[in-house]
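Let's sit down together and learn to read a structure, one feature at a time. Bring your questions, and we will work through them at the model.

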Amino acid sequence: MAGMVAAAAPPASLCRPIAVPRAPMRRRRLTPLVKTTPSLRCEDSPKIALLQVQAMRSSEESSSDEDDEILSELKEKWDAIENKSSVLFYGGGAIIAVWLSSIVVKAVDSVPVLPNILELVGLGYSGWFVYRYLLFKENREELANGFDALKKRITGNEE
């Protein structure tokens with residue numbers, strides 16, 4: 001039985017500890033990268049003096065008059081609206097639509113390949129738009145006329 005135990009034991013070369021090479025240790029810098037002198041203050045530095053800017057109003061009365069004008073115009077426009085509930089409904093719907101679209105954009109952005117594909121699609125469309133509408137003079141005029149027609153439809157000024 002002693003012969004069987006000796007035969008089952010691993011060879012002596014496998015029982016020795018193996019020396020694993022160690023990775024070189026990086027030394028940490030304990031000193032700051034930027035040396036500061038205690039005698040130099042921020043106020044004494046010419047660069048800091050150039051960056052210090054004080055904002056001042058040119059005239060207090062003109063800005064308050066403008067503010068009052070803007071507020072009075074907004075109040076007049078709000079009072080002129082007949083169906084205020086629909087304005088609030090559409091405004092709330094717009095806010096919810098922006099919120100939902102931001103959720104969709106974040107979900108699409110989390111897919112690894114999709115943002116790169118959409119970037120290529122956007123570059124292709126931009127190139128097509130430049131070629132179609134901005135490269136030649138007659139196409140630029142067509143685009144300007146289209147914008148004017150859209151602006152007239154939105155504002156209701158059919159002149």
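This is a predicted model: local features need pLDDT of at least 70, side-chain atom pairs count only at pLDDT 80 or more; totals for chains, interfaces and linings use all residues.

Q: Is Val 121 buried or exposed?

A: A residue counts as exposed when its relative accessible area is over 50%. Val 121 has a relative accessible area of 52%, so Val 121 is exposed. You will find Val 121 in helix H6, which covers residues 114-134.

Q: How do I read a salt bridge, and how many does the count come to?

A: The general idea is that side chains of opposite charge can pair when their charged atoms come close. In this model the count comes to 1 salt bridge. The side chains of Arg 132 and Glu 142 meet there, at 3.3 Å from N to O. Arg 132 belongs to helix H6 and Glu 142 to helix H7 (residues 137-155), so the pair ties together parts that are 10 residues apart in sequence. As for accessibility, Glu 142 counts as partly exposed at 38%, and Arg 132 counts as partly exposed at 27%.

Q: Where does Asn 83 lie, and which side chain does the side chain of Asn 83 contact?

A: Asn 83 lies in the loop between H4 and helix H5 (84-110). Its side chain makes a polar contact of 2.9 Å with the side chain of Ser 85. With a relative accessible area of 45%, Asn 83 is partly exposed.

Q: Stepping back, how many helices and strands are in the chain?

A: The chain has 7 helices and 0 strands. Reading along the sequence gives the pattern α-α-α-α-α-α-α.

Q: What share of the residues counts as buried, and what does the accessible surface come to?

A: Buried means under 20% relative accessible area. Of the 159 residues in the chain, 3% count as buried. The accessible surface of the chain is about 15,800 Å², and carbon and sulfur atoms account for 63% of that surface.

Methods. Residues are numbered from 1 along each chain as its sequence is written. Side-chain values use heavy atoms; hydrogens and water are left out. Helices (H or I, at least four residues) and strands (E, at least two) are DSSP runs, numbered from the N terminus. Buried means under 20% relative accessible area, exposed over 50%, partly exposed in between (1.4 Å probe, protein chains only). Accessible areas come from the Shrake-Rupley method with a 1.4 Å probe; for residues, only the protein chains shown count as cover. A polar contact is a pair of N or O atoms within 3.5 Å; within protein, one must be able to donate a hydrogen and the other to accept it, and residues adjacent in sequence count only if both atoms are side-chain atoms. A salt bridge is a side-chain nitrogen of Lys or Arg within 4 Å of a carboxyl oxygen of Asp or Glu.
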